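Grab the model and work through these exercises with me. Each one has a task and then a step-by-step solution.

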Amino acid sequence: MMMRMMMLISGGSIVSAEAVWDHVTMADRELAFKAGDVIKVLDASNKDWWWGQIDDEEGWFPASFVRLWVNQEENTAAETVEGASPSPSEVQNGHADASPSSSDCLCQPAQDRDQMRANIINEIMSTERHYIKHLKDICEGYFRQCKKRRDMFNDDQLRVIFGNIEDIYRFQMGFVRDLEKQYNTEEPHLSEIGPCFLEHQDGFWIYSEYCNNHVDACMELSRLMKDGRYQQFFEACRLVQQMIDIAIDGFLLTPVQKICKYPLQLAELLKYTVQEHSDYRYVAAALAVMRNVTQQINERKRRLENIEKIAQWQASVLDWEGDDILDRSSELVYTGEMSWIYQPYGRSQTRVFFLFDHQMVLCKKDLIRRDILYYKGRINMDRYNVVDAVDGRDDDFNVSVKNAFKLSNKDSDEIHIFLAKKLEEKLRWLRGFHEERKMVQEDEKIGFEISEYQKRQAAMTVRRMTKQKGHRSVPPGYPPPMDPMNPGQYLVGDSMEQSEFEFPEPERCKSPFWQSFSRLTPFRK
């Protein structure tokens with residue numbers, strides 16, 4: 001591959017690579033880029049660092065951060081770079097139609113089109129075989145040897161460093177076996193690999209756990225590598241297993257890179273698959289599936305990056321009681337102030353409510369310092385149903401209600417009724433509850449949870465921040481409720497038009513922390 005690429009470069013051909021990861025420059029003459037950028041490779045004589053160009057900028061960049069485009073012979077790469085068709089990253093991110101246009105497929109000679117598809121199929125098969133070898137090296141060369149050295153690694157460290165790598169290895173072996181069965185060695189362009197992705201689509205969710213854990217793995221490795229013993233141990237493992245000259249953190253990065261690469265490969269394959277091909281509809285469906293997988297993994301990663309802000313918010317609430325928020329929740333879904341009536345008391349109270357996944361926290365504002373919140377309880381959302389309430393006299397509470405809804409306990413007669421100030425606010429709450437249940441179901445499907453290690457790290461960060469300030473963090477001002485589906489707008493019923501409203505400024509100036517905490521609320525359209 002390297003020799004062929006150098007021949008193309010020396011022969012004057014344009015060799016293009018697509019960035020899989022962002023590259024932040026650390027030294028002079030390095031080329032900075034973001035994931036999805038297209039780089040013109042000018043020199044690949046060094047296996048680790050290549051010389052490339054983006055627009056008018058040239059510099060060195062790590063070869064492991066990019067993937068070469070297939071079909072670079074003659075003028076194919078030049079046509080791709082010139083923008084005759086959308087790049088794989090554009091297709092993956094939804095910026096272009098994944099289906100092949102007439103200029104992509106129909107106007108090309110059948111022989112050239114078949115050859116292009118064969119090249120992509122061969123690349124997929126080749127990368128899968130190499131990937132299996134990498135996984136085997138990680139499991140047998142590193143993980144197995146580390147488990148033998150109880151004097152160097154405990155169970156928590158092994159879990160943090162390697163995550164569920166053995167589960168991924170077993171899943172990937174089954175996936176590749178099925179791919180090999182569908183691979184037509186004589187005429188690769190006739191291969192039908194789309195069904196393999198669809199049959200194994202649920203299995204790809206195991207990558208979510210690994211990707212979520214990867215940052216912690218890097219942190220733990222970095223800490224251990226400060227000790228020369230661990231450097232020597234990992235290098236000895238690599239040599240005994242006869243692995244290629246890549247450090248352990250490079251090997252552990254490959255599953256993260258792999259799951260991100262599937263949409264790129266499938267988008268490129270679909271581009272050179274005519275609609276009459278028996279594999280076309282399966283590849284199109286597989287592309288949609290793998291896009292969804294990578295998008296959900298990115299979403300889970302975003303949530304984990306926000307857990308420190310949630311821990312910081314909890315530390316700012318006075319008189320906290322019971323379990324930490326992070327014991328059950330990882331996302332602020334919605335927040336707002338409402339009137340609340342709870343049986344058997346039947347007395348209306350004004351509270352600030354914070355809806356997280358699995359639970360809703362109730363807080364009370366300080367009578368004088370309205371920016372200070374006191375903890376007043378929580379509601380386990382797993383035990384309640386949300387019921388819309390009709391304006392008028394309510395039979396359960398014998399009071400007149402407007403813009404109200406109820407939470408009804410599934411196992412008892414316990415009922416809570418909430419009264420919003422406006423209809424639009426009520427509708428936003430109802431949609432927020434719907435979003436919360438949807439999130440819980442998706443998390444259960446893929447087994448998403450915050451590890452004990454991640455909880456400890458978040459708690460340590462908050463304690464460190466509080467200690468640096470020299471006092472308990474003061475809760476910032478309460479922000480206006482924001483729409484979980486569409487920021488800056490109230491949501492109204494499907495039969496009514498949607499209009500914009502400006503939120504009134506709060507009396508007290510909002511803290512920057514509150515502004516960042518409110519941004520934890522997801523806004524899905």
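This is a predicted model: local features need pLDDT of at least 70, side-chain atom pairs count only at pLDDT 80 or more; totals for chains, interfaces and linings use all residues.

**Exercise 1.** Work out which strands helix α14 lies across, and its angle to β6.

*Solution.* Start with the helix: α14 covers residues 423-446. Next, list the strands it lies across: β6, β7, β8, β10 and β13 (404-409). Finally, the direction: α14 runs at about 120° to β6. Here helices (H or I, at least four residues) and strands (E, at least two) are DSSP runs, numbered from the N terminus. Angles run from 0 to 180 degrees between N-to-C directions, with axes as lines fitted to C-alpha atoms, for helices over the stretch in contact.

Residues are numbered from 1 along each chain as its sequence is written, and side-chain values use heavy atoms, with hydrogens and water left out.

**Exercise 2.** Find the strand order of the open sheet of seven strands, and say which strands stand at the edges.

*Solution.* Read off the order: β9-β8-β7-β6-β14-β13-β10, with antiparallel pairing (two strands pair if DSSP finds at least two bridges between them). At the edges you get β9 (373-380) and β10 (384-388), each with a single partner strand, so one side of each has no neighbour in the sheet. Neighbouring strands are turned by 35° against each other on average, direction ignored. Now zoom in on one pair: β6 (residues 332-342) and β14 (residues 415-419) are joined by four bridges, and Trp 340 sits opposite Phe 418 in β14.

**Exercise 3.** Describe how α11 and α12 pack.

*Solution.* First the geometry: α11 (residues 248-271) and α12 (residues 280-305) have axes 9 Å apart and an angle of about 155°. That makes the two helices roughly antiparallel (over 145 degrees; under 35 is roughly parallel, 65 to 115 roughly perpendicular, the rest oblique). Then the contact, meaning heavy atoms within 4.5 Å: residues including Ile 259, Tyr 262 and Leu 266 in α11 meet a set in α12 that includes Val 283, Leu 287 and Met 290.

**Exercise 4.** Asp 55 has a positive phi without being a glycine; where does Asp 55 lie, and is Asp 55 buried or exposed?

*Solution.* Phi of Asp 55 is near 55°. Asp 55 lies in the loop between β3 (49-54) and β4 (57-62). With a relative accessible area of 67%, Asp 55 is exposed (over 50%; buried is under 20%, partly exposed in between, with a 1.4 Å probe and protein chains only).
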